[in-house]
Amino acid sequence: MKGLPDYHVHTFRCGHARGPSRDFVQKAVERGLAEIGMTDHLPLYFLPVADRDPGLAMREEQFGGYIDEVLELREEFRGRIAVRLGLEADYSEGHEEELARWLARADWDLVLGSVHWVAGGWIDAPGSAARFEEEGAERLYEEYYRLLAKAARTGFFDVLAHFDLPKKFGHRPVSPRLAAEQEAIAAAVEGNCAVEISSAGLRKPVSEAYPEARLLEQIVAAGIPVTFSSDAHAPAEVGWGYDRTVALARDCGVRQFVSFEARRRVFHPLPAHSPVGGSSR
Ligand SMILES: [Zn+2]
Ligand SMILES: [Zn+2]
């Protein structure tokens, strides 16, 4: 979708993405995107070193190489597409000082805030589905939104990633956790966070963008800016599904989106509907 950014893109360093980083940028150019934000997973700073699964996030010693590679791609593609230096950073309660130290190590264009670690374990890993049966979707959703709200209020994050992530495998509470959701939305306002509209959920068992329409409407009504992303883990996923996420955005009242450079946000009008699309392939 022409003129939009993809602000959630991984590299091979996270251990669960594949393909040369250059190919991700090339795909963004092919899709006509205006910007690509490389946002690989920050090392799992909040876990003991022995527990940091190299299949989930880059290792500490890869951090410098990641930054260098993104800056090289920025130069190589200058004039064709803006390559932004970003990061997907886990929020982990009680580890805020360590996170602040990590974030101080580079001049980011944007930092995505994510909550993947909920109540002592991953909420979205391949083995996480059983947790919803064992621990209850209600409890996990409430705890997730409590942490997301805390994350937003830290002020560390420019964008909250996959706002309703616990739905990934299709588990839902018997009824939406309205108070917890509202708290997270209020926190995003206070913390000056944007929210990504991510096509990644369309590729998951839940088969629905993050956030779902009901939540996106409330996010928009609260005046929270949005941006667009794919959470690409392969070059073909860059800018994928934007025909559907842009339609969702429009349906939910989105009129503009934000881009980031050096953590400053710039507002742009949402592009007019184009029948050319076809970006789900
Ligand atoms: Zn994530
Ligand atoms: Zn991601």
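Leaving out residues up to four places away in sequence, S230 touches D6, H8, S198, S199, A200, R203, E237, V238, G239, W240 and Y242, where contact means heavy atoms within 4.5 Å. This is a predicted model, in which local features need pLDDT of at least 70, side-chain atom pairs count only at pLDDT 80 or more, and totals for chains, interfaces and linings use all residues. Residues are numbered from 1 along each chain as its sequence is written, chains are lettered from A and ligands numbered from 1 in the order in which they are written, and side-chain values use heavy atoms, with hydrogens and water left out.

**S230**

- S230 sits in the loop between strand 9 (226-229) and helix 8 (242-251); helices (H or I, at least four residues) and strands (E, at least two) are DSSP runs, numbered from the N terminus.
- With a relative accessible area of 0%, S230 is buried (buried is under 20% relative accessible area, exposed over 50%, partly exposed in between, with a 1.4 Å probe and protein chains only).
- A polar atom of the S230 side chain lies 3.2 Å from the backbone oxygen of E237.

**The zinc ion (ligand 2)**

- H8 (NE2), H10 (NE2), E88 (OE) and D231 (OD) coordinate the zinc ion (ligand 2) at 2.0 to 2.2 Å. Donors are N, O and S atoms within 2.8 Å of the metal (3.2 Å for Na, K and Ca), and sites may look incomplete because water is not among the atoms.
- Along the chain, the donors of this zinc ion follow the spacing H-x1-H-x77-E-x142-D.
- The arrangement is irregular because the four donor atoms subtend angles of 80 to 162 degrees. Four donors count as tetrahedral if all angles lie between 85 and 135 degrees; four count as square planar and six as octahedral if opposite donors are over 155 degrees apart and all others between 65 and 115; anything else is irregular.
- E88 coordinates both the zinc ion (ligand 2) and the zinc ion (ligand 1), which are 3.5 Å apart.
- H10 lies in the loop between strand 1 (5-9) and helix 1 (21-30) and E88 in strand 3 (residues 82-90), so the pair ties together parts that are 78 residues apart in sequence.
- H10 is buried at a relative accessible area of 0%, and E88 is buried at 1%.

**Helix 1**

- S21, F24, V25 and A28 are the buried residues of helix 1.
- These buried residues fall within an arc of 95 degrees seen down the helix axis, so they line one face of helix 1; the arc is that of the directions from the helix axis to the C-beta atoms.
- An α-helix has 3.6 residues a turn, so residues three or four places apart point the same way.
- The cover over the buried residues of helix 1 includes strand 1, strand 2 (35-41), helix 2 (63-76) and strand 3.
- After helix 1 comes G32, with a positive phi near 80 degrees.

**Aromatic pairs**

- The whole structure holds 13 aromatic pairs. Rings of Phe, Tyr and Trp (its six-membered ring) pair if their centres lie within 6.5 Å; planes under 30 degrees apart count as stacked, over 60 as edge-to-face and the rest as tilted.
- One of them is the edge-to-face pair F46 and W122, 6.1 Å centre to centre with 70 degrees between the planes.
- F46 is in the loop between strand 2 and helix 2 and W122 in strand 6 (residues 121-122), 76 residues apart.
- F46 is buried at a relative accessible area of 8%, and W122 counts as buried at 18%.
- Y45, F46, W117 and W122 form one aromatic cluster.

Key:
A polar contact is a pair of N or O atoms within 3.5 Å; within protein, one must be able to donate a hydrogen and the other to accept it, and residues adjacent in sequence count only if both atoms are side-chain atoms.
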